[in-house]
Amino acid sequence: MTTGRLHIITPGLLTTVQDLGRRGHQALGVPVAGPMDRSSHRLANLLVANDPSAATLEVTLTGPDIMVEADTTMAVTGAEFDLTCDGRPVPVGAAFTVARGQRVRFGRRHRGARAYLAVGGGVLTPPVLGSRATHLLSGMGGLDGRALAAGDCLPVVAAGATDPPRYSIAQVLPVGGPARLRVMAGPQADWFDPDALRALAATGFRVSLRSNRMGYRLEGAPLDRVRDDELVSEPVGMGAIQVPAAGEPILLMADCQTAGGYPKIGYVISADLPLAGQLAPGDTIEFVWCTRQEAVAALIAREREFLRSSATGGVS
Amino acid sequence: MRILPCGDSMLLVEFEGGIDPLVNERVVALADRLHAQALRGVHDVAPGYCTLGVHFDPLRTDLGALEQAIEAGARSLASIDRPADRPVVNIPVCYGGAAGPDLASVAEMSGCAPLDVVRRHASRVYRVYMLGFVPGFAYMGRVDPSIAVPRHRVPRVRVPAGSVGIAGEQTGVYPIETPGGWQLIGRTRMPMFDPRHTPPSLLKPGDRVRFVPESSGG
């Protein structure tokens with residue numbers, strides 16, 4: 001299979017190569033990285049019949065203008081953007097054919113914060129420690145460990161246009177009003193005042209401007225502790241709600257460090273992390289306490305949607 | 001020992017004892033044991049000082065079996081009564097001068113001469129307790145209490161790669177340039193992390209380290 005290239009004419013605000021994440025090295029301080037909205041990333045690959053391990057481009061808030069050297073199949077999922085191919089509108093959430101030399105442009109964004117662009121065969125930047133995911137702080141993975149820039153060329157397979165089956169899997173995007181994120185009690189939940197635990201669920205939080213792929217700083221009611229000790233550094237993961245001394249929580253996201261020393265009041269459940277990944281500064285969050293059983297049931301329900309669609313070969 | 005859920009895809013195994021070499025030896029031994037068992041769906045086992053993070057796929061991992069494996073592992077390791085004798089990694093350091101901009105103030109806060117700080121830092125064999133912050137950043141301890149100066153209240157925006165720092169009883173080397181709040185007393189040219197190398201990190205939890213002064217910084 002020959003390789004072709006995907007040209008970045010303009011990159012958009014923050015576009016990075018991502019795959020499912022760099023797993024297996026957290027003991028050495030290597031963050032997982034990967035998609036902020038894992039569900040939309042998976043769907044994009046499914047729509048172009050890619051291997052689930054294929055890398056996509058994660059697009060943030062404003063999108064790129066790209067061109068391919070060979071006919072290819074693409075799909076864009078996640079945030080709803082106006083998309084055109086040589087000026088002709090193409091839909092989000094379905095595969096479309098792009099001929100050699102044609103320009104795909106992201107226009108206005110309507111809902112959600114991040115979109116995923118999959119190309120047939122995947123983006124083929126060299127894997128680092130087994131993954132193509134970009135981790136910006138350490139400069140690992142993707143294209144030279146950084147966000148894409150004008151003039152970049154990404155290696156892709158020159159597979160030609162294909163006609164992959166269609167899928168209909170509902171995407172989870174913010175619908176206006178607070179995003180509902182279910183939370184399990186964290187390992188230091190008992191460090192917090194009962195009023196703080198109530199406030200986490202009863203009051204809203206706003207994603208502040210001081211937010212990025214590592215985590216979102218949240219503005220809202222301060223969460224008071226009953227215990228004042230320092231916590232020695234311990235392992236953490238995406239979804240942790242950690243609370244520094246000042247009281248305003250930080251929701252850890254895809255590029256978070258592997259360990260930290262702030263107490264964790266809760267962890268957002270895996271099934272709701274894709275929705276969290278669609279939030280931008282200014283968006284609001286409503287946390288809802290839930291149990292492990294509910295968390296796993298939500299994950300199973302979502303997985304069934306993917307499996308059902310794959311098994312039937314898709315529903316248009 | 002407690003096993004605490006961190007959401008639906010991670011467990012935190014917690015031992016009592018804070019920053020203690022023997023507790024950490026048990027953590028590292030448990031991590032090695034779980035890693036060797038290669039339990040279905042478990043993709044990362046990451047030591048902390050006195051904790052262990054176990055990351056898994058809840059749709060593939062039998063949580064009950066995982067918890068049993070952790071409990072059985074912890075029981076069998078309770079008899080460990082001393083850290084293993086691992087080889088010592090020597091890290092050459094250029095202390096002071098431009099390489100160690102905080103050496104003079106650490107000396108002043110410790111009530112001794114800069115040379116004493118260097119001697120006290122370089123005379124110990126440290127244990128690597130855990131890695132975190134950035135790839136290859138090893139949290140090492142414990143620092144001589146007489147020079148165990150707290151970190152800066154306001155971190156530097158830029159700490160040069162290779163900088164050797166102190167934060168209370170912890171010491172460490174910054175593998176890459178990042179912001180950082182530790183007291184910088186020297187710098188090493190030895191690479192701490194290279195993803196193209198096998199293994200990618202110079203240090204791993206449980207390793208022993210000695211810092212070796214090079215000719216004085218300029």
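Let's start at S208(A). This serine sits in strand β11 of chain A, which covers residues 205-212. Keep in mind that we are looking at a predicted model. Is S208(A) buried or exposed? Its relative accessible area is 2%. Buried means under 20%, so S208(A) counts as buried. What does S208(A) touch, leaving out residues up to four places away in sequence? There are R217(A), E219(A) and P281(A).

Pick up E219(A) from that list. E219(A) forms a salt bridge with R210(A), at 4.0 Å from N to O. General point here: side chains of opposite charge can pair when their charged atoms come close. How accessible is E219(A)? Its relative accessible area is 33%, so E219(A) is partly exposed.

Stay with salt bridges. How many does a search of the whole structure find? It finds 25, over all chains. Let me show you a few.

Look at R146(A) and D152(A). Their closest N and O atoms are 2.9 Å apart, and the two form a salt bridge. The partners sit in unlike surroundings. R146(A) is partly exposed, at 29% relative accessibility. D152(A) is buried, at 10%.

Now go to chain B. R208(B) pairs with D85(B) in a salt bridge, with 3.9 Å between the closest N and O atoms. This one links distant parts of the chain. R208(B) is in strand β13 of chain B, residues 208-213. D85(B) is in the loop between α2 (63-77) and β5 (88-95) of chain B. That puts the two residues 123 places apart. What about their exposure? R208(B) has a relative accessible area of 28%, so we call R208(B) partly exposed. D85(B) reaches 59%. The cut-off for exposed is over 50%, so D85(B) counts as exposed. One more item: E58(A), R213(A) and D255(A) are joined into one network by salt bridges that share partners.

Next, the interface. How many residues of each chain are in contact? From chain A, 34 residues, and from chain B, 42. The size of an interface is often given as the accessible area lost when the parts come together. For chain A and chain B, the buried area is about 3,000 Å². Carbon and sulfur atoms give 67% of that area.

Polar contacts do turn up: 8 residue pairs, both partners at pLDDT 80 or more.

Which elements of chain A give two or more residues to the side that touches chain B? Those are β10 (179-185), β13 (234-235) and α4 (292-312). The largest share, 5 residues, comes from α4(A). By type, this side of chain A divides into 20 nonpolar, 10 polar and 4 charged residues.

Last stop, the nonpolar cores. The largest one has 39 residues. Which members touch the most others? L181(A), Y216(A), L218(A), L223(A), L251(A), V268(A) and F287(A) do. Helix α1 of chain A, residues 38-47, gives the most to this core, with 4 residues.

Terms used. Residues are numbered from 1 along each chain as its sequence is written. Chains are lettered from A and ligands numbered from 1 in the order in which they are written. This is a predicted model: local features need pLDDT of at least 70, side-chain atom pairs count only at pLDDT 80 or more; totals for chains, interfaces and linings use all residues. Side-chain values use heavy atoms; hydrogens and water are left out. A nonpolar core is a set of buried Ala, Val, Leu, Ile, Met, Phe, Trp, Tyr and Cys residues joined through side-chain atoms within 4.5 Å. Buried means under 20% relative accessible area, exposed over 50%, partly exposed in between (1.4 Å probe, protein chains only). Contact means heavy atoms within 4.5 Å. Buried area is the accessible area (1.4 Å probe) that two parts lose on being put together, summed over both. A polar contact is a pair of N or O atoms within 3.5 Å; within protein, one must be able to donate a hydrogen and the other to accept it, and residues adjacent in sequence count only if both atoms are side-chain atoms. Ala, Val, Leu, Ile, Met, Phe, Trp, Tyr, Cys and Pro count as nonpolar, Asp, Glu, Lys and Arg as charged, and the others, Gly among them, as polar. A salt bridge is a side-chain nitrogen of Lys or Arg within 4 Å of a carboxyl oxygen of Asp or Glu.
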